[in-house]
Amino acid sequence: MTPIPKTKARLTIIGTGMAGMAGMAAACFASANHIDTVQVGVNSGMIYSSGFLDLMGVHPVESGKVWDNPWDAIEQLISDAPNHPYARLSRSDIRAAMDQFMAFLSAAERPYVADKNQNTEVITPVGTVKPTYAVPRSMWAGAKALKEKQSCLIVDFWGLKAFSAKQIADMLTPRWPAIRYLRVSFPAVGPSADLYPEHMARSLEIESNRIALADAIRPDLGDAMALGLPAILGIYKPREVREHLEELLGVAVFEIPTIPPSVPGTRLKEALDKRLVAGGIRMFAQKRVVTAEVQKNGSFVLSVGDRATGDVEHIIESDGVILAGGRFLGMGLHAGRKAIREPLFDLPVFQPPDRALWHQTNFFDPRGHGINQAGLEIDALFRPTDLAGRPVYDTLFAAGSILAHQDWMRQKCGAGLAIATAYGAVKAFQKML
Amino acid sequence: MKKNLKTQALIIGGGATGTGVARDLSLRGVKCILVEKNDINAGASGANHGLLHSGARYVSNDPESAKECRDENRLLKHMAPDCIEETGGLFVAVEGDNEKFIADFQGFCDSSGLFCRPMDVAEARAAEPALSDKIIAAYAVEDASVDPFKLVLENITDAQKLGCKFLRHLKVIAFHQKGGRIESVDLIEKITRERVSIEADIIVNATGAWAGQVAALAGAAISLIYSKGTLLITHSRITQRVINRLRPPGDADILVPGGTVSIIGTTSLRMESLDEITPTIAEVDRIVAEGACMMPVLETARYIRAYSGVRPLLGGGGKGDDRSVTRGFDLVDHARDGIDNFITITGGKLTTFRLMAEKTSDMVCSRLGVSAPCLTRRIPLISSHETRWAVPGFSPKSWFSAHERDDLLLCECEMVPQSAIEEIVGYFDIFNKQADLKGIGKRSRIGKGSCQGNFCSLRIAAYLYDRDHLRSDQGASEIRSFINERWKGQRCLLWDTPVIQAELQEAMHCGFFSLELCPDASLHSQKETK
């Protein structure tokens, strides 16, 4: 029997979602003295991402108050809810984290655009608008068109489900009278096929399909200054696809995300993976940490195994670990019938005292669900703490939605929370080296 | 502008009784309109076990009901065979159950004329391996399972074919009376707030637990006890037969199989109001614990839905277990309250719905001077084309056998195509230009698959916009109300995998679409019930 291979690393990041990726960016690329880091994780939650990077949009959630300035919102939040993970960071740290991650995204050829001190309203596939902080370059013209109420045409396709240009236009007409809709056939397929965004995106990387698409839209363009399409404008070459369509039609072209799993999420994940691989980063993709042990010297021994069988394939010895595995979907936490647990280290999990308090009777209850306040409590250095408030291990950190005392879905702070706390955790570890 | 309609009989309430009356009267040639403030089976008719009682449940404390059940059970097996699965049933006792009750059971069944066969414990466990090894007695009875949605859909569809009008989303707001008669009834449309006035020769109040409230609008009194019962649906079928606990009626003592699932319940909780009838975590935990006494697998089974209904029980406010109150029905001629053309039918149970409809229709006909006899004992209820999308398993079979090239599956879990959605929307009544996802859900399998509406609600809403069945901002409240309806059944069962699905659903519908920020007057925040 061959011995199980061993790897040594300074830092191991568990999780391949937004927090895991932001942690990798901060640890490996951001500073001159980068940390020797490995990453372990199964399916990335990023494929469910809309592509928007929320920072802070709604507070308090009970009143549904939407903030124009995310920094003011964070300040108010920290003063009202000093347990929120954002309260562990200075405003300049949060800003540096966002800037750093957006620079990383640009370097990975996925540029984002943000108004420095202002949230942006963006269009969702059900025709609602939501506040976010940064949007992919491919969606920026849509935010601008909405804000300036430009004459705009939204186009959808025969065969693409859950994306109705008429629905979006109908929903937005009261605030945006100059919005129209159009349905066309997707180039190179008849009206009979069931279309999937990823296939469509690949198809539009072929020049002739873009020309055919532009030809189909042109007669109905009218006085439109902006053209909105579902997010299918290429996977590997989104800029080229979009700019070519803009050139062909002479209007600004933008994407509206589709329902998950969507192309912007896949695009983001693939570009970041590529960037990490190009940087020589060791990744255990589609693997999970099966067991974790703490050595006498405080370092960790992690066994990494097959996602399904759990058969151990690799051992990692690591000085530090960042738990960035998300909540229930990401498997960072597990909810049983009696209690919520952190499965790897069995860390104390803050949670409502009773399952009856996990979920409200109204799914859309503005107060949010109690279960979303559950998670790991941390000290000022992002280390999970015990019931006495002391760090459980000196170099075990946590970042992202696994953290307690936040409701990223209602507060519209998911990406910012992931990016800023991952930055904070990496910085805290760096200080200890 | 107010719409005016005229009819011979106006039936209020779209549950088993109301739709049963609609079919019975229509078969006798009486013109009727059935109005319902929500949609079919919104009350107890849609929130029960789906048990066609043999009557054995009632032999010890309510022999009259037992005999009614016995007769209707045998009749309905012939009259509604497509809605019934002849599963047979067992009564089983476990260690510690009341020995005297066990000893008396056979005698009670005999004196009510019910079939009851003692079974060897080993034989019972061989037939139903999920039974606990702590079983100490077993009897075979003639229980069966009935699909209450199919039953009610078939009744109303048959009535409609015979000329009955069925108007959903219409709520009675006033009765106009003159000279001891109701001359007209005012109603309001739930979504459009449109007013409708209906003149009828006679009015039937078949609103189940709401019968007291509706009667009160006419100044008449109906005294009911509200008994809330909660039930759970398992992910897979646990037993072949109906399993009853052989003891005086108690919590979680009946397990009813139906198709690929089983239903375990109920609890019995006296309610003062009908405002918030949703399952609680405590009830769910109690049902799981009690059910596991008979079938230990229930302790670890995966549950897909919890729901609650209210039994409208007759009588004053007696103390003690509401299960001891008679399960008989009450047919009230409100001539006793000085209203000549107003009848209330309430109480009873799903098994006796046909009999209740027959007695009510007899009274209606005698008032109208119609001599045609009841035909629901003679003309079977045959599956109609219009109800086929609601049948589990029909959609995938139909899709795989043939479909148009440009048809698309909008519900991918249960394989419901857009052509089915279009057809179902076509059945909606004239007062309801807006198609509602919940209404489509009552008539198809959408939202009942593993995504629980998370994805199909979005695909169907988009399609309804494309077809002009939804307009302006209606989609946001449609998606919200559909998701929330599914949520009511999920929220008490969220652990392990379902909690993951709930998280994804919230990430999409709140995190991404921000639907929680959409103003919606119909969804006030509700207090957590513990």
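Let's start at the interface: 45 residues of chain A are in contact with 51 residues of chain B. Contact here means that the C-beta atoms of two residues, placed from the backbone, lie within 7 Å. This is a predicted model, where local features need pLDDT of at least 70 and side-chain atom pairs count only at pLDDT 80 or more, while totals for chains, interfaces and linings use all residues. Residues are numbered from 1 along each chain as its sequence is written, with chains lettered from A and ligands numbered from 1 in the order in which they are written.

Which element gives the largest share? Helix H5 of chain A does, with 4 residues. H5(A) covers 165-172, and helix H10 (408-411) of chain A also supplies at least two residues. By class, chain A's side has 19 nonpolar, 15 polar and 11 charged residues. For the classes, Ala, Val, Leu, Ile, Met, Phe, Trp, Tyr, Cys and Pro count as nonpolar, Asp, Glu, Lys and Arg as charged, and the others, Gly among them, as polar.

Now the domains of chain A. Domain 1 is 6-109 + 266-323 + 396-432, and domain 2 is 125-256. Such bounds come from an automatic or database domain assignment. The C-alpha centres of domain 1 and domain 2 of chain A are 32 Å apart. Their contact takes 13 residues from domain 1 of chain A and 12 residues from domain 2 of chain A. On the domain 1 side, that is 6 nonpolar, 4 polar and 3 charged.

Next, strand E2 of chain A, residues 37-41. Buried or exposed? Mostly covered: 5 of its 5 residues are buried. A residue is buried if 20 or more other C-beta atoms lie within 10 Å of its own, exposed if 12 or fewer, and partly exposed in between, with C-beta atoms placed from the backbone. Thr37(A), Gln39(A) and Gly41(A) point one way from E2(A), and Val38(A) and Val40(A) point the other way. E2(A) pairs in the parallel sense with strand E1 (residues 6-14) of chain A, over 4 bridges. Pairing requires at least two DSSP bridges between two strands. E2(A) also runs parallel to strand E11 (residues 282-285) of chain A, again joined by 4 bridges. Look at Gln39(A): it is the bridge partner of Ile13(A), and it stands opposite Met283(A) in E11(A).

On to helix H8 of chain A, residues 238-249. Its 12 residues, at 1.5 Å a residue, should span 16 Å, and the end C-alpha atoms are 17 Å apart, which agrees. The expected span is 1.5 Å times one less than the number of residues. Buried in H8(A) are Pro238(A), Val241(A), Arg242(A), His244(A) and Leu245(A). Why are they on the same side? Because they cover an arc of only 160 degrees around the axis of H8(A). That arc is taken over the directions from the helix axis to the C-beta atoms. The cover over these buried residues includes helix H4 (137-148), helix H7 (207-217), strand E10 (252-256) and helix H9 (263-278) of chain A. After H8(A) comes Gly250(A), with a positive phi near 70 degrees.

Chain B next. Its assignment gives domain 1 (3-44 + 149-223 + 328-368), domain 2 (80-146 + 225-312) and domain 3 (385-517). The C-alpha centres of domain 2 and domain 3 of chain B are separated by 31 Å. Here 11 residues of domain 2 of chain B are in contact with 6 residues of domain 3 of chain B. On the domain 2 side, helix H7 (281-294) and strand E18 (303-314) of chain B each give two or more residues. E18(B) has the largest share, 4 residues.

Last, some backbone details. Most residues other than glycine have a negative phi, and most peptide bonds are trans. The bond from Pro260(A) to Pro261(A) is cis, omega near -10 degrees. Pro261(A) is in the loop between E10 and H9 of chain A. Gly265(B) and Thr266(B) are also joined by a cis peptide bond, with omega about -5 degrees. Asp346(A) has a positive phi, near 55 degrees. Asp346(A) counts as exposed, because it has 10 C-beta neighbours inside 10 Å. Ser472(B) has a positive phi of about 40 degrees, and it is exposed, with 11 other C-beta atoms within 10 Å.
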